[in-house]
Amino acid sequence: MPLDKLNNRIIYFDNAATSWPKPAGMMAAMINYNEMIGGSPGRSGHQRSLDAGRIILETREALAELFGCDDSLRIAFTKNATEALNIALSGILNPGDHVITSSMEHNSVMRPLRYLESQGVQLSVVSCSGDGRLNPADVLAAIQPQTRMLVVTHASNVTGTIHPIAELGEIARNHGILFCVDAAQTAGALPIQVDEMAIDLLAFSGHKSLFGPQGTGGLYVRKGTENQLRPLMMGGTGSRSEFEGQPDFMPDKYESGTPNTIGLAGLGAGVRFVLAEGVEAIRSKEEGLTARFLGGLAALPGVTVYGPPDAANRTAVVSFNVAGVSPSEAALELDERFGILCRPGLQCAPAAHRTIGTFSQGTIRFGFGYFNKDEEISLALAAIQSLAGGDTEK
Amino acid sequence: MEGQRYIVFLFPSVSYALKAEKILKAAGIAHKLIPVPRHISSDCGVCVRITEDKQQDVEREFLGKVGWDKVVLL
Ligand SMILES: Cc1ncc(COP(=O)(O)O)c(C=O)c1O
């Protein structure tokens, strides 16, 4: 197969950063909003403003269905998971509070926590194993009387390692600690049920496995938790306009300013696609692609794979290294020679790389998605073999 | 119905009013979304208008699904 002659196509393996392609309905929903509606939701009360509001409500309702949340108004929209996490962390934690997290976190959790630590919040970072696993017993041991929150990623964006969310949620609930989950990597890709998993705060990206456009994300807030959660921004919400104080109710408290209505129209279509296909079907397809890739890599000499050995314990994310080639060189070569798009380096998660022993050069990360195909995995394996010097044609 | 009076449900924000609208549509209860009358509130939002005789049915539909601020006779 002429591996070097694929320049008229690309193989997109950067779904862990943002998904591509998107379902056809996503763009159609955005165009429909722009051409047929165009109003500002929750503001003016005219028919186009109400239609814009209805679009956003439908997006909320679809997400509530996906996350098993009985009231869609418990979900506030943000521009990405990072903003949602910043609201959750800065909005709850005060000097003197103690917070527990894992050593596999993305900087969207770590940086706000390190900042809060500099302001007097006590931080415990529970060490994970070399393949990124978090032992709930270690979390239990880190709990102190002043522990206010446990915040963990549902799955690592570096190794794909899935944390035992339901078990951690139970620990948090039993100790009266708020449980905040970073679902950037998992919303739409793995089942999430906020009640069964005892999640108080769920931050998600709209532009990854929920198939929305970039600029979308959100935060689910358990009933009552908003009373202790300060907003990050204040301003116009369209509601309670006669008062100069910020609304104290969901979702307006956290949704100041004109929202990304066109983006949320697209996100709604993305989430409805996920609901129609079914998270289980999406998971099984992605797990199959991952298993195929892991199986292929295992047969390649000179390739080191990080994270759990089998696909069942990880999302469709695989980090690896090729002996003698730096991740950035490998990524450039994969891109230029083979049209394979991936993400090298630290993937915004230095703590995770320290945990798996790949700091500071990082890894090559492939993030598969629902639209990838078996043949793309085979082509990628051949390309990696060629990088590793095992290509007999070269 | 001849001489039927109207009441309005006022909500914390338009998001709530639109959720209420969706619930009433699903329940098949006649309703209309109207701007909040100035004499009731200075808020610029919308409220849900129904006939007075439907108040209890509507409250039953809303309970546990969407919260409202108050009900006012027009
Ligand atoms: C684990 C994790 N948390 C948070 C984020 C941040 O998400 P967003 O880009 O939507 O802010 C990402 C991805 O970028 C991620 O992988």
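This is a predicted model: local features need pLDDT of at least 70, side-chain atom pairs count only at pLDDT 80 or more; totals for chains, interfaces and linings use all residues.
A polar side-chain atom of His207(A) sits 2.8 Å from an oxygen atom of the ligand. In Ser205(A), a polar side-chain atom is 2.7 Å from an oxygen atom of the ligand. For Lys208(A), an N or O atom of the side chain lies 2.7 Å from a ligand oxygen atom. The surroundings of the ligand comprise 13 residues. The closest of these are Thr82(A), Asp182(A), Gln185(A), Ser205(A) and Lys208(A).

Next comes the backbone. Most residues other than glycine have a negative phi, and most peptide bonds are trans. Phe211(A) has a phi near 65 degrees, a positive value in a residue other than glycine. Phe211(A) belongs to the loop between strand 7 (201-205) and strand 8 (217-221) of chain A. Two peptide bonds also deserve a look. Trp20(A) and Pro21(A) are joined by a cis peptide bond, with omega about -5 degrees. Pro21(A) is located in the loop that runs between strand 1 (11-12) and helix 1 (24-37) of chain A. A cis bond also leads from Phe359(A) to Ser360(A), where omega is near 10 degrees. The loop holding Ser360(A) lies between helix 10 (350-356) and strand 13 (363-367) of chain A.

The helices can be followed in pairs. Two packed helices are described by the angle between their axes and the distance between the axes. For helix 8 (residues 279-298) and helix 11 (residues 374-387) of chain A, the axes come within 10 Å and cross at roughly 25 degrees. The angle is under 35 degrees, so helix 8 of chain A is roughly parallel to helix 11 of chain A. Their crossing is right-handed.

Helix 2 and helix 7 of chain A cross in a left-handed manner. Residues in this contact include Ile55(A), Thr59(A) and Leu63(A) from helix 2, and Leu264(A), Gly268(A) and Val271(A) from helix 7. Sorted by class, the contact of helix 2 with helix 7 of chain A has twelve nonpolar, three polar and three charged residues.

Key: Residues are numbered from 1 along each chain as its sequence is written. Chains are lettered from A and ligands numbered from 1 in the order in which they are written. Side-chain values use heavy atoms; hydrogens and water are left out. Axes are lines fitted to C-alpha atoms, for helices over the stretch in contact, and angles run from 0 to 180 degrees between N-to-C directions. Helices (H or I, at least four residues) and strands (E, at least two) are DSSP runs, numbered from the N terminus. Angles under 35 degrees count as roughly parallel, over 145 as roughly antiparallel, 65 to 115 as roughly perpendicular and the rest as oblique. A crossing is left-handed if the near helix is turned anticlockwise from the far one by less than a right angle, and right-handed if clockwise. A residue is near a molecule or strand if one of its heavy atoms lies within 4 Å of it. A polar contact is a pair of N or O atoms within 3.5 Å; within protein, one must be able to donate a hydrogen and the other to accept it, and residues adjacent in sequence count only if both atoms are side-chain atoms. Contact means heavy atoms within 4.5 Å. Ala, Val, Leu, Ile, Met, Phe, Trp, Tyr, Cys and Pro count as nonpolar, Asp, Glu, Lys and Arg as charged, and the others, Gly among them, as polar.
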